[in-house]
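Visitor: I am new to this structure and should be grateful for a guided introduction. May we look at it together?

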Amino acid sequence: MASSSKTEQKKMLILKSSEEEEFEIEESIAVQSGTIKNMVEDDFTLIPLPNVDTETLIKIIKYMKKHGEKTKSNEKDIEEFDKEFVKKSFTELKELVLAANYLHITSLIDLLCQAFADRIKNKSVKAIREIFGIPNDFTPEEEAEVYEQHKWAHEEGKEHIDHSAY
Amino acid sequence: MDETIKRHLTGEERGGDGGGGSSDGDFESSMDRFPNHIIINVLEKMDLVSLCTAACVSPTFNSAVAYILPSLPSFDLSGFYLDEETLKHVVHRVQGAKSLTIDCLQMKNDSSIINILSDHIEDLSLLKCSHLSYDILRAIGERCPNLRSLLIEFAGLGAPDLLRMKLTGMLQKVSLLESLSIKIRGTLRDVFDVRPLVAFLPEGLKKLKLQQTGEMFFVVWLHTVRDIPWFKLQSLSLVLDVISDGLIRTVVDSLPLLVELDLEDIPFMEPSVRDLTNIGLQSLKYCRHLIALSIVRSRKNFPTSFTRVDNIGMFLLSEGCRGLESVKLGGFVKVTEAGFSSILYSCLNLKKFEVLTSPLLSDLAFDNMIGVARSLIELRLVSCRLLTSEAFEDLSLFSKLEVIDTSGCRSIGDPCLFYISSVTTVTKLNLAEADITDTGLAILGKGNLPIAHLCIRGCKRVTDKGIQFLFHDERKICKTLSVLDVGRIAGITDAAIFTIASTAKALTDLSLRFCFHVTDAALKMLVNRPNNNSSQLQRLDLCNCRGLSDDLIMLFQHKSAFRGLRWLGVGRNPLVNKREDFSKICKARPWFVVCFDDCEFGCHDGWQYHKSDD
């Protein structure tokens, strides 16, 4: 019995972004996302992702495709891809990590968190608040206490720096 | 883990749900609140200082930091010069930590360290213990029975019997010890008696480092351990009075499984019969697993060198030990380029190559680098007066080279920088005393290398212009440079400091030692670096900056000036007269150290002399 010379038909899925745009992707690649994997097990082929916009979805699909073809030989290639992948603005990275979180793609979450860690490494408290969009919800007493505790490390933390002399 | 976070945050959360991001699709739609486990994931990848900054951001971050601190694998406080109170408080926050590295520059007595010892500790490094006594060893033995690795540096107390007693006491209690490193500095002859190590040898000891011991004592010890079948030392590092053939032969005989051998001697007189010769080097081939070798003769006590080793010894070494990956040779004054290059050609996996004080090493050693190991990562050629720029012609062939050190090679000039500028992987560059000019720095600048450590101390022909050429805006070096040494350069004035202050955004360590033309204005510029996109200066060396005035003390008295400064050197500087004022400042900032002597950064070279302090 002559076996078909073509590769077997790969099961395709359709991912739909919040803006209703549809993208076709092989199931074997898409299941890198835990969320999608669960839905596939419940027999879905059209997967609506109302929390992921088109732009972000395109980037995530690109990531999954690259990591889907991971073999022993192209490890360096994938490293380079990852390095380039995180060269994006904070806003883009934020959207990506929230989407990756929703989609449960562990390797992408780790990659993005590492990128955040590298970027906030030498920033001031104020800058970190801006990046993550976190308001300063300490009470003045709490803030003073936390500042005291960590003064030895970097001596900043208060919004208002004391300019008086010793 | 989600449950724990929620428990942590009840009562502290304010307005808005933290969100869970759990797998049932509970997604936080508001973009200004990150799910907590993402925050934790990010924080886990950060270093201690950044974590402390992050804790000040919000209650959420504070809890997250408190949550992960105890489980961090190691605590390296070696860049900090904490006082006893602060140290106690920091260690308390990381209860249960297994690995601690502490800089004890400010520890005034044993109790400051004894109080933080606990049985969780498996890996302990106590650096610069200038005020601690040998009794610490007893305390460590009693409180840290699970210790696997100990490194401790003492300022010599001249009491070898006391040391032996305390060390014996400790060794009896730390049976799991695998690595022991004891360094004693500062006394002329503090000879370490290794006899306790005979009676109470920890079974699993793999690494031993002693400074300093006597060659004869050690040979006797080696004879004893030869008969112990289960003793499998892999790494040996000694500072002794003399390296002899006998020592090397006994090492090879007794420790055949040695992977690393590091020997340095500091003779008091010209070695006579017992000395290293070609035969000693040849016998190293019987250490079949040897990967790292370092043999250095220091001239600290007497101007002498390895006069009985010549090229033949090097040929024998390179032939017998082809597997070497790290080689350091110092004081081999009779070896020429033929000897040294034989090592480069023979050891195909060579990653680190260092030669100190070799008056006969010429450019020819590096003449034909095409066949040579491409794996070289660190190249150090220190005080080799015959070397010129031409030695570095083929440097671009080394595709992994990260460290280049030519300090003391005075015949190296601008062309060298042309060759170096094509090695795109270089991150640490030391060109102290080289004959380079501003043009050379311009060439280096054009290479746009991601340099993190740069030393051009004593490059007398450099001026402010050279600094300007180097730190052209948008260059990588502006973002990567953290340590800069422009000491002993008369051409450095306030203009250079202005360039550095405004462009070197990641600078943490700056040495302006002996820069006579730097004035108060320069320091004011350094203070005013905007802190939002610049790092904080941590170490500043102003030793012998005669152009400064003692009015500068007013600058340091401002609470917001030089926030983050951990160490300041003001030896031989008008500020030396302001000890009382500095005292007050240090009382309010106990983690800040001011050195009134001539020490280098962090007093790393002179801490042993700081026994009587302010």
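Visitor: What is the mean pLDDT of chain B?

Guide: This is a predicted model, in which local features need pLDDT of at least 70, side-chain atom pairs count only at pLDDT 80 or more, and totals for chains, interfaces and linings use all residues. Residues are numbered from 1 along each chain as its sequence is written, chains are lettered from A in the order in which they are written, and side-chain values use heavy atoms, without hydrogens and water. pLDDT is the predictor's confidence in each residue, from 0 to 100. In chain B, 92% of the residues reach 70 or more, and the mean is 88.

Visitor: Over which residues of chain B does pLDDT stay under 50?

Guide: Where pLDDT is low, the predicted coordinates should not be read in detail. In chain B this concerns a stretch under 50, namely residues 1–32.

Visitor: How many residues of chain B are in contact with chain A?

Guide: Contact means heavy atoms within 4.5 Å. On the side of chain A, 46 residues take part, and the number from chain B is 54.

Visitor: Which residues form a salt bridge between chain A and chain B?

Guide: A salt bridge is a side-chain nitrogen of Lys or Arg within 4 Å of a carboxyl oxygen of Asp or Glu. Across this interface the rule finds one. With the closest N and O atoms 3.5 Å apart, the partners are Asp110(A) and Lys45(B).
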